[in-house]
Structures are given as structure tokens and as C-alpha cells.
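Please read these notes with the model open beside them. Each numbered point takes up one topic.

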Amino acid sequence: LMLQTLFLGTVLATVFNSFGMQETASMLEDRYGIDVIFCDQVSHNIPILRLCGRPILFYCHYPDKLLCTDRSSLLKQLYRRPIDWLEEFTTGMADVIVVNSEFTKDVFKQTFQTLSSKSAEISVLYPAIELEQFDTELSQDQVKEAKRAFPLELKEKLKLIDEGESKAKCHFLLSINRFERKKNLSLAVYALGVLLQKQDYESVRKGKTVCLILAGGYDPRLEENVEYMKELKRLVLNLGLEKHVFFVPSFTDDQRVLLLQLCTCVVYTPDKEHFGIVPIEAMYAARPVVAVASGGPLESIVHEETGFLQEQTPQAFAEALAKIIQDETRAFKIGVSGRKHVAAKFSLDAFADQLDQVCAKMANDAQHKYGPTLFFFSLVVALIASLYIYMQAQQ
């Protein structure tokens, strides 16, 4: 009974929300004379937005159906089946579809096979990154407050800077990612272990120590976050790297900026990432990036020019890290190239220019309107889907 109530409640909430969107869409059309409707992330409301009689641009960051990976139970499968079908159906109702990377474009084609006719017309619109925070120099008070929340061991390392010594006394390798297994943070730890064990390590580091900072989102209420943090700490102990690896969970914006300023390079370990904001931020901060050669980084990083794209092995990552640490002049040039690359391709201005071109063309090509028939048809589809779920739950 509780499950049935949940399903029916979800459907009713969707219907009421749709009517609310209908009223809002009509108001926008009458009052503001909108030309194009921009729909972001989820497509289930597109049939309702059709009431405006305006072309719709859908920005797909990643198919929602692929984000639900746990379908082990029959109930979860029954729950997701109509939702997945509706996602594909409503996505196809958009006039123009754009995605956040070539990688997502390929995934889109494989996932929504009934939309093959539209797949050929999909274009890539790289996300706009908020880069202004990296242009503002932190005040002394901000730096002091940011350091105060760092682990004690890391603060001791940073004293080298406070005492006026060169920060080159220590090479900081920085990883910024949520503490989730899919982010593959253990790769960075293993790579550091390989780097420290290299026979030519002394000549590579030139008398300087090398440390790895694992910073990222951490929620103690999430079981995976807690378990993975423990796994990583055990790994660090087993490899004897406790004096070289520091954890900075749930850092602030000021800490993020400070860490990017202090680090020698950024280590980005996720495999098949949809796009990846961290490499963009790192390159704009003029820091070389070492990333897995898959997914979004293949498009955002220029190999050996703004960073290194490596195989997903500790040995490959250690090799790239050694090149950066050994040749500081080359690392500096890579950082400068990375900043220019991001400013030209991933800035807010670049995003706005491309989006404006797409919307202008859509507005000029708009020759049709969609009336209430499509709205009621979408409601019928939603009701049929809810009835199907209800009947399946009865069996």
C-alpha cells in the first residue's frame, strides 16, 4: 500500500507541477515575448513547455536513465521502466538538442536509439565555467582562515611558505573529487607510491619532497563517502605514505582557490567522466593536469600542451608526474598554455556566443506552434505509465 501511494503521489505531483508550468509558460509568452525555451538537465516537462508555441532547446548533460545504476530489485526495475521511456520520448520532442561533450554525444546516441534521426543534428555546447574566483587574489585574512581548517600535518608543510621559504621545498600534487569509488582516487595514491619508489626519484625531485592532497566533497551521512575515506586511509598506511598524503574533505571556495595556487599540478583520476569541471579550473589556474585518457578530458586537455592524458595505471601517471616535477620550466609553459586554452574555449563568453548562435537560428527557423492537443496527450501518456506501474505492483 505504501509503495502504491508513493507511485500515485509522484504522478499527481508531476501533473500538478505540469499545470503550474503551463500557467508560467503562458505568462512568459504574453508578458515577455520569449523566442526560445531553454530546458536543462531533465526533459519530462518539455510537453508542457510546448504550450508556449516556441521552439525548445534541450541541454543534455547525461542521460538520466544511466545515472540510476542500482536496478537489482524487481521493484526498482518496474519503477524505472516507464520513467526511462518517458525520458527518451520527451527528449525527442525538443526542437534542438545540445550536449556538454563529444563523449556525452556518443553516449546519447547509444542510449536513445529511437532518436537516431535527431542524433545526427546534435551539437556540442561546452559548459560555462565560473572562472572569476580564480582571478581574485585572496586577502591575508582569507588565506589565514583557509589554512586554519587544513589538517595539522598539512599546515606544518605550509609553514615553509609562511616562514618565507620557497614553496618549491615541497611539490604538492592536488586531487579534487568527491570521495566516491567511481572517482578512482586510489589511482592517485598508487601513482604517488610508484613515483616515490622510482630509482631516479632523487634526481627527479631535486631534494624536494612530494605530497598528495586529496580534497573533495565529503558527507558523513553518506555511507559510501565514509567507507571510501576509510579505504583510502588504509591504502595510504599500507603503502607507507602517511607522511605524504593529506585529506581535505568538504573544502571551502577559498580553500579551493588556495590549493590550486599552492599545487604543482592537478591529478584527475575519474574514468569516462561526462565532461569534468576540475581540469578546466586547474588549467585556468595555470596548473598542468594529469588525467585519464577517456571521457571529457580527451576534449578539454591538449596532450603535452596543457596537460597529460595517460593510461589508467599508476606507472603511466607516475611517469607524467615525474616530467612535471623534473622540468619546472616546462610545467610553467604548460600552465600558461592551459590558461589561454580555457579562456578561448571554455569561458562564459565562449559559451554565450555559441548559445546565442544556436538560439538565434532556432528563433528564425520557428514556423510552428504546438497547441493543447500535445499537452493532453502528454498527460495521457503519464497516466498510462502510472497505471502500468500500479498494475505491475499488484502482481
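1. Overall make-up. The model is predicted. Its chain holds 18 helices and ten strands. Of the 395 residues, 48% count as buried. The accessible surface of the chain is about 20,200 Å², and carbon and sulfur atoms account for 54% of that surface. Among contacts in the chain with a separation of 6 or more, 70% are between residues 24 or more positions apart.

2. Helices α9 and α11. Two packed helices are described by the angle between their axes and the distance between the axes. Helix α9 covers residues 186-197 and helix α11 covers residues 223-238; their axes come within 10 Å and cross at roughly 5°. Angles under 35 degrees count as roughly parallel, so α9 is roughly parallel to α11. On the α9 side the contact is made by Ser186, Val189 and Tyr190, and on the α11 side by Tyr228, Leu232, Leu235 and Val236. By class, six residues of this contact are nonpolar, one is polar and none is charged.

3. Helices α15 and α16. The axes of α15 (residues 314-326) and α16 come within 5 Å, with a crossing angle of roughly 100°. Since 65 to 115 degrees counts as roughly perpendicular, α15 and α16 are therefore roughly perpendicular to each other. Lys323, Ile324, Ile325 and Gln326 of α15 make the contact with Glu328, Arg330 and Ala331 of α16. The contact of α15 with α16 has three nonpolar, one polar and three charged residues.

4. Helices α13 and α16. Helix α16 (residues 328-345) also packs with helix α13 (residues 277-284), at an angle of about 120° and with the axes 7 Å apart. That angle makes α13 oblique to α16. From α13, the residues in contact are Ile280, Met283 and Tyr284; from α16, they are Gly335, Gly338, Arg339, His341, Val342 and Ala343. Five residues of the contact of α13 with α16 are nonpolar, three are polar and one is charged.

5. Met283. This residue is in helix α13. Is Met283 buried or exposed? Its relative accessible area is 0%, and under 20% means buried, so Met283 is buried. Leaving out residues up to four places away in sequence, Met283 touches Val289, Ser300, Ile301 and Thr306, as well as Gly335, Gly338, Arg339, His341 and Val342. Met283 and Ala343 are 60 residues apart along the chain, and their C-alpha atoms are separated by 9.5 Å.

6. Phe108. Helix α5 (residues 102-111) contains Phe108. Phe108 is buried, at a relative accessible area of 0%. Which residues does Phe108 touch, not counting those up to four places away in sequence? They are Cys60, Pro63, Thr91, Ile97, Leu115, Ser119 and Ile122. The C-alpha atoms of Phe108 and Ser119 are separated by 7.7 Å, and these two residues are eleven apart along the chain.

7. Ser175. Strand β5 (residues 170-176) is where Ser175 is found. Ser175 counts as buried, at 0% relative accessibility. Apart from neighbours within four places in sequence, Ser175 is in contact with Leu185, Leu212, Ile213, Leu214, Ala215 and Val267.

8. Cysteines. How many disulfides does a search of the whole structure find? The search finds zero. Cys170 is in no disulfide, and the nearest cysteine sulfur, that of Cys211, is 3.5 Å away. The cut-off is 2.5 Å between sulfur atoms, which is why that pair is not counted as a disulfide. Cys170 is buried, with a relative accessible area of 4%. Cys60, one of the residues that Phe108 touches, is buried too, at 2%.

9. Most residues other than glycine have a negative phi. Where is Ser250 placed? Ser250 is in the loop between β7 (245-249) and α12 (253-262), and its phi is near 50°, a positive value. At 42% relative accessibility, Ser250 counts as partly exposed. Ala286 is in the loop between α13 and β9 (289-292). The phi of Ala286 is near 65°, again positive in a residue other than glycine. Ala286 is partly exposed, at 24% relative accessibility.

Conventions. Residues numbered from 1 in each chain as written. Predicted model: local features only at pLDDT ≥ 70, side-chain atom pairs only at ≥ 80, totals over all residues. Heavy atoms only, no water. Buried < 20%, exposed > 50% of the residue type's maximum accessible area, 1.4 Å probe, protein only. Axes fitted to C-alpha atoms, helices over the stretch in contact; angles between N-to-C directions. Helix = DSSP H or I, 4+ residues; strand = E, 2+ residues; numbered from the N terminus. Parallel < 35°, antiparallel > 145°, perpendicular 65-115°, else oblique. Contact = heavy atoms within 4.5 Å. Nonpolar A, V, L, I, M, F, W, Y, C, P; charged D, E, K, R; others polar. Areas by Shrake-Rupley, 256 points an atom, 1.4 Å probe, with all protein chains shown as cover.
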